[in-house]
Every structure is written in C-alpha cells, then in structure tokens.
Amino acid sequence: MMETKKFEFSAEHKGKIEKIIQKYPAGRQASAVLPLLDLAQRQADGWLPAEAIEAVAKILNMPPMRVYEVASFYSMFNLKSVGKFHIQVCRTTPCWLRGSDELTNSCQKKLGISKGQTSKDGNFTLNEVECLGACANAPVVQINDDLYEDLTPESLMKVMDQLAVGQKPKIGSQIGRQGSAPLAVDDSKTALPDPLFNLKPGHQNS
Ligand code: FES
C-alpha cells in the first residue's frame, strides 16, 4: 500500500506542465503522463505518494488507477520513499555475466541492508533493475540520474563513499573507456587466422 504525503505541484512545475501538455494533440493530453510523473517524483524527494499520483490524474483528466498502473509498471518510478541516493543495479544478462551479483552483494554488505531497503542513515536505497541501456560497458549501476559503468565492487564502493561525503564521483566508465568504445586488446589473441596458412612452406598439402 502506498504511503501518503501531502502534494501540490510547485509554481515552477506548473509552468513546465503547461508546456509539456501543449506538445500533444488536443484530447491526447494523457500522453503526458510519463513526464508529469517524473516532475512529481522529482518534487516529492524521489518517490510518488498517492497524492502526487492523484494530482497528475486530475491535471490529465485520467482515472487515478490508470496513472497508478503506469507508475507501478516502470522501475524509474518509486511508490515508496527512497534514500538520498537510489542505487539501481542492472541485473540483465550482459551485466550479470560481468558480475552484477557481486555489485549487489557488496552494496548489501556495506550498507547492512537487503534489496529494496534503505540504509539507516537515509543515504542509500538499493534495488535491482533490468537493462539500463549501456550494456557494452557492463556491469552498470544507475544512482539517481547518473550511470556508473565498467564497475567492480571496489570502484562502486569508492563511488558510494564519495557520494556519502558530498563529493561528485566521475560518472560513466570507471576504467577510462571513451563512451562505449572497444577496450585495447592484445591482437595476438584475437587476430583472424592467416588465410594463406595452408600455402606456407611446411604447411602445404601434398
Ligand atoms: S544489461 Fe546492464 S545495461 Fe544492459
């Protein structure tokens, strides 16, 4: 059951909402449900109390249950309160093959919590999600709006330590990879076989 929390869109967000709704054809304003839920969540400290869902439903002239269905479908929306930093570990196949289980386990150990819980100091909430769309740099973790990629348990712990003391960790690849470019590799192990192999002296078929 959702927790309740008084909610009214701020004046700044009301201005944004008008502009968002104008992007959609008349009568199709329900299409704005995702951006409005995102604004509501940002205003409500990272989660959607029932009153925020009702506020979105009222603005878009939708039944609250329809808005709830959308909010409960996407993992980007939280139906209960989260910590200052929401850690979302990708557990889909490429990240799993590259050690996402170890990332989750080390977070649980460090914070003394299980998945879905928030640390006692209110700093971190831990969850697992499906593909974050940066699979080439697996394993990947999203913390609030930022992706941290090419992680190891050690580099993720370092990111968390920096966040906890108000520093800004480097976002993106933690091993210096440029974008999703291939890493430097030892060509001797990956080179294709020489197509002339069989014609070289000593290798010809008699
Ligand atoms: S599988 Fe983890 S980002 Fe795609």
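Predicted model: local features only at pLDDT ≥ 70, side-chain atom pairs only at ≥ 80, totals over all residues.

Tutor: Residues are numbered from 1 along each chain as its sequence is written, and side-chain values use heavy atoms, with hydrogens and water left out.

Student: Why is the pair of glutamate 12 and lysine 16 called a salt bridge?

Tutor: A salt bridge needs a side-chain nitrogen of Lys or Arg within 4 Å of a carboxyl oxygen of Asp or Glu. For glutamate 12 and lysine 16, the closest N and O atoms are 3.5 Å apart. The pair therefore meets the rule.

Student: What separates glutamate 12 and lysine 16 in helix α1?

Tutor: About one helical turn, because they sit four residues apart in helix α1, residues 11-22. Helices here are DSSP runs (H or I, at least four residues), strands likewise (E, at least two), numbered from the N terminus.

Student: What makes glutamate 12 exposed?

Tutor: Its relative accessible area is 54%. Buried means under 20%, exposed over 50%, partly exposed in between, with a 1.4 Å probe and protein chains only. So glutamate 12 counts as exposed. Lysine 16, at 37%, is partly exposed.

Student: How do you know that aspartate 38 and arginine 42 form a salt bridge?

Tutor: Their closest N and O atoms are 3.0 Å apart, so the pair passes the cut-off. Aspartate 38 and arginine 42 are four residues apart in helix α2 (residues 33-43), which means about one helical turn. Aspartate 38 is partly exposed at 21%, and so is arginine 42 at 47%.

Student: Which parts does the pair of arginine 177 and aspartate 150 tie together?

Tutor: Arginine 177 and aspartate 150 form a salt bridge, with the closest N and O atoms 2.8 Å apart. Arginine 177 lies in the loop between β5 (172-173) and α8 (187-190), and aspartate 150 in the loop between β4 (146-149) and α7 (153-164), so the pair ties together parts 27 residues apart in sequence.

Student: Are arginine 177 and aspartate 150 buried or exposed?

Tutor: Arginine 177 is buried at 14%. Aspartate 150 is buried at 5%. Elsewhere, salt bridges that share partners join Arg91, Lys115, Glu128 and Glu130 into one network.

Student: How many salt bridges are there by this rule?

Tutor: The count is 10.
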